[in-house]
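Take a moment to look over the chain from end to end. Then follow the paragraphs below, one topic at a time.

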Amino acid sequence: MQQNLTMTLKRLKTFLTYSKNYLKRNNPIKVFKKEFVASLKDALSINKKKKMLQYKLRYQMHQLSQMEKLIAQNNEHVFLRGKKINEMR
């Protein structure tokens, strides 16, 4: 009985030692703090990111409209250019 009790206490001691060393290496409070600071920085800089995305979107839309104009100028189809209908009238 005493031998069984000492073995259990020894196992408990090694488990607690491993747990303590693990918590020293991977401190959950430090991890939480780091994650919180990162999310706070993201939340504070979201307006700047939004403006950059809007700028990029406007630029792409402008490029697309320029390409459509060029295609319409060089295309002979009536639905893209109304000149032929106006000339026929």
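What is the relative accessible area of Asp42? The value is 43%, so Asp42 counts as partly exposed. Keep in mind that this is a predicted model. Asp42 has a partner: Lys49 forms a salt bridge with Asp42. Their closest N and O atoms are 3.4 Å apart, which is within the 4 Å that a salt bridge requires. Lys49 is also partly exposed, at 44% relative accessibility. A search of the whole structure finds one salt bridge.

Now turn to the aromatic rings. The structure holds one aromatic pair. It is made of Phe32 and Phe36, whose ring centres lie 6.4 Å apart. Their planes meet at 20°, so the pair is stacked; the cut-off for stacking is under 30 degrees. Where do these two residues sit? Both belong to helix H2, residues 28–44. They are four residues apart there, and therefore about one helical turn separates them. An α-helix has 3.6 residues a turn, so residues three or four places apart point the same way. Phe32 is exposed, with 60% relative accessibility. Phe36 is partly exposed, at 47%.

Helix H1 comes next. It covers residues 2–25. H1 has 24 residues and spans 35 Å from its first C-alpha to its last. That is close to the expected 34 Å. How many of its residues are buried? The number is zero, so H1 lies largely in the open. Leu16 is found in this helix. Leu16 also belongs to a nonpolar surface patch, together with Leu5, Leu9, Leu12 and Phe15. The patch has about 520 Å² of accessible area.

Definitions and conventions. Residues numbered from 1 in each chain as written. Predicted model: local features only at pLDDT ≥ 70, side-chain atom pairs only at ≥ 80, totals over all residues. Heavy atoms only, no water. Phe/Tyr/Trp six-rings, centres within 6.5 Å; stacked < 30°, edge-to-face > 60°. Helix = DSSP H or I, 4+ residues; strand = E, 2+ residues; numbered from the N terminus. Buried < 20%, exposed > 50% of the residue type's maximum accessible area, 1.4 Å probe, protein only. Patch = residues over 30% accessible without salt bridge, like charges linked within 9 Å, V, L, I, M, F, W, Y side chains within 5 Å. Areas by Shrake-Rupley, 256 points an atom, 1.4 Å probe, with all protein chains shown as cover. Salt bridge = Lys/Arg side-chain N within 4 Å of Asp/Glu carboxyl O. Expected span 1.5 Å × (residues − 1).
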